[in-house]
Amino acid sequence: MPLRSRLLLPLLLASLCPAAAATAARPDPHVGVLLEQLGYDYEVDEDGDYKLVVPVDGEGRTQLVYVRSPVETFGHHRIREIWSPAYASPSGAFPGPVANRLLEASNELKLGAWVKQGPHAVFVVKIDARAAAAELDEAISAAVSSADGMEQELAGDPASDEY
């Protein structure tokens, strides 16, 4: 590659990144409409995702849920993700028993699975990006119940409510 091209390429890539970040930070208005139809309170975070704090029981516990604005594609599939965190590793790596429990739990689930996002165990449900309100509501419910249950189990405390 000529020297001039090697010098200009990083500048070109740097100039494209802010535009890509600005696009990624726009919330998907379709999600907002569905959440309003369902009666959820939410806020839009700096990434353009919809952040919900969902009541879990009558004792004041809640569960944090994100309905992601970006849509992923695989072939003809357009996928939206719903995330709910349940665990944070102090060291960044999951202890073996925690990792094994998350794998076992993923095998038992009908909707969603556990993933590692940095030091966090996050429950992720993937649905069609054009899902109707009822399907989104089911995905949010699955995320809330699975993440809340795992949070309590891994904390060893039924009253645990970090997320």
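**View 1. R101 and E153 meet through their side chains in a salt bridge, 2.6 Å from N to O.** A salt bridge here is a side-chain nitrogen of Lys or Arg within 4 Å of a carboxyl oxygen of Asp or Glu. R101 lies in helix α3 (residues 96-108) and E153 in helix α4, so the pair ties together parts 52 residues apart in sequence. E153 is partly exposed, at 41% relative accessibility. Buried means under 20% relative accessible area, exposed over 50%, and partly exposed in between (1.4 Å probe, protein chains only). The model is predicted: local features need pLDDT of at least 70, side-chain atom pairs count only at pLDDT 80 or more, and totals for chains, interfaces and linings use all residues. Residues are numbered from 1 along each chain as its sequence is written, and side-chain values use heavy atoms, with hydrogens and water left out.

**View 2. The protein chain holds 4 helices and 7 strands.** Helices (H or I, at least four residues) and strands (E, at least two) are DSSP runs, numbered from the N terminus. Starting at the N terminus, the order of elements is α-α-β-β-β-β-β-α-β-β-α. The chain has 163 residues, and 36% of them are buried. Take the contacts with a separation of 6 or more: residues 24 or more positions apart account for 49% of them. Contact means heavy atoms within 4.5 Å.

**View 3. Helix α2 (residues 29-38) packs against helix α4 (residues 133-155).** Two packed helices are described by the angle between their axes and the distance between the axes. Here the angle is about 80° and the axes are 10 Å apart. That makes α2 roughly perpendicular to α4. Roughly perpendicular covers 65 to 115 degrees; angles under 35 count as roughly parallel, over 145 as roughly antiparallel and the rest as oblique. Axes are lines fitted to C-alpha atoms, for helices over the stretch in contact, and angles run from 0 to 180 degrees between N-to-C directions. On the α2 side, L34, L35, Q37 and L38 take part; they meet A133, L136, D137 and I140 in α4. The residues of this contact divide into 6 nonpolar, 1 polar and 1 charged.

**View 4. E81 and K126 form a salt bridge, with the closest N and O atoms 3.7 Å apart.** E81 sits in strand β5 (residues 77-88) and K126 in strand β7 (residues 120-128). The two are 45 residues apart, so the pair links distant parts of the chain. E81 is buried, at 15% relative accessible area. K126 is exposed, at 54%.

**View 5. R130 and D128 join their side chains in a salt bridge of 3.7 Å, N to O.** R130 is exposed, with a relative accessible area of 52%. D128 is partly exposed, at 37%. Elsewhere, shared partners join D57, R61 and D148 into one salt-bridge network. The whole structure has 7 salt bridges.

**View 6. Strand β2 (residues 50-55) has a covered face and an uncovered one.** In a regular strand the side chains alternate between the two faces of the sheet. Y50, L52 and V54 make up the covered face of β2; K51, V53 and P55 make up the uncovered one. Strand β1 (residues 43-44) runs antiparallel to β2, joined by 2 bridges. Two strands pair if DSSP finds at least two bridges between them. V44 stands opposite Y50. In the turn of this hairpin, G48 has a positive phi of about 85°.

Key
Nonpolar A, V, L, I, M, F, W, Y, C, P; charged D, E, K, R; others polar.
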